[in-house]
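Here is a short report for a first look at this structure. It moves from the whole chain to single residues.

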Amino acid sequence: MEAHHTLLVVDDDMDIRDALQDALELEGYAVQLAADGLEALERLRSSEPRPQLILLDLMMPRMDGIAFREALRHERACSDIPVVVASADLDVRDTVDGMGVAGYLRKPLDLSALLTTVKQLCLPV
């Protein structure tokens, strides 16, 4: 199946990144990976194609999801990419309030909910 959309998965847990990559690629998405916010910013500045959606963990070393989201707002070329937060934080709704994200999912991720959210936010190319 040809990949129609590119997604960026930002999570410090390699097992989660690998599992998400496998699941999303099976659905036909191209997946880029980053282990933290700094790596994600570097990837966004240097990679093509630009992702249509960013799946973002909050708790990461070096640059966490909140700092990444704030930095992303200042990146003119990619500030409009929708961001979906994935977090084990029980108060994730309160945490993401004001971050300007397209949505949030609670970890452990429900694959069906994840795929539905991704499909809704990835507009036809």
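## Ground rules

A residue is called buried under 20% relative accessible area, exposed over 50%, and partly exposed in between, using a 1.4 Å probe and protein chains only. By that scale Arg62 is exposed, because its relative accessible area is 61%.

This is a predicted model, in which local features need pLDDT of at least 70 and side-chain atom pairs count only at pLDDT 80 or more, while totals for chains, interfaces and linings use all residues. Residues are numbered from 1 along each chain as its sequence is written, and side-chain values use heavy atoms, with hydrogens and water left out.

## The chain as a whole

The protein chain has 5 helices and 5 strands. Helices (H or I, at least four residues) and strands (E, at least two) are DSSP runs, numbered from the N terminus. Read from the N terminus, the order is β-α-β-α-β-α-β-α-β-α. The radius of gyration is 13 Å, close to the 14 Å that the globule rule gives for 125 residues, so the chain is as compact as a globular protein of that length. That radius is taken over C-alpha atoms, and the globule rule is 2.2 Å times the number of residues to the power 0.38. Along its principal axes the C-alpha trace spans about 35 × 30 × 25 Å.

Of the 125 residues, 46% count as buried. Contact means heavy atoms within 4.5 Å. Among contacts with a separation of 6 or more, 64% join residues 24 or more positions apart.

## Surface and charge

The accessible surface comes to about 7,000 Å², and 52% of it belongs to carbon and sulfur atoms. Accessible areas come from the Shrake-Rupley method with a 1.4 Å probe; for residues, only the protein chains shown count as cover.

There are 12 positive and 23 negative side chains. Lys and Arg count as positive, Asp and Glu as negative; His and the chain ends are not counted. The centres of the two sets lie 5 Å apart. Each charge is placed at NZ of Lys, CZ of Arg, CG of Asp or CD of Glu.

A salt bridge is a side-chain nitrogen of Lys or Arg within 4 Å of a carboxyl oxygen of Asp or Glu. The count by this rule is 6.

One of them pairs Glu39 with Arg43, at 3.9 Å from N to O. Both residues lie in helix H2 (residues 37–46), 4 residues apart, about one turn of the helix. Glu39 is partly exposed at 26% relative accessibility. Arg43 is partly exposed too, at 29%.

Another salt bridge joins Glu75 and Arg45, with the closest N and O atoms 2.5 Å apart. Glu75 sits in the loop between helix H3 (65–72) and strand E4 (83–87), and Arg45 in helix H2, so the pair ties together parts that are 30 residues apart in sequence. Glu75 counts as buried at 18%, whereas Arg45 is exposed at 55%.

## Asp57 and its partners

The side chains of Lys107 and Asp57 form a salt bridge of 3.2 Å, N to O. Lys107 lies in the loop between strand E5 (103–106) and helix H5 (111–121), and Asp57 in strand E3 (residues 53–57), so the pair ties together parts that are 50 residues apart in sequence. Both Lys107 and Asp57 are buried, with Asp57 at 6% relative accessibility. A network of salt bridges links Asp11, Asp57 and Lys107.

What else does Asp57 touch, not counting residues up to four places away in sequence? Besides Asp11 and Lys107, its contacts are Val10, Asp12, Gly65 and Ala86. Asp36 is 21 residues from Asp57 in sequence, and their C-alpha atoms are 8.4 Å apart.

## Backbone exceptions

Most residues other than glycine have a negative phi, and most peptide bonds are trans. A cis peptide bond joins Lys107 and Pro108, with omega about 0°. Pro108 is in the loop between E5 and H5.

Arg62 has a positive phi, near 60°, and is not a glycine. Its place is the loop between E3 and H3.

## A buried strand residue

Gln32 lies in strand E2 (residues 30–34). At 12% relative accessibility, Gln32 counts as buried. Leaving aside neighbours within four places in sequence, its contacts include Thr6, Leu7, Leu8 and Val9. Arg43, Ser47, Pro49 and Pro51 are also among them.
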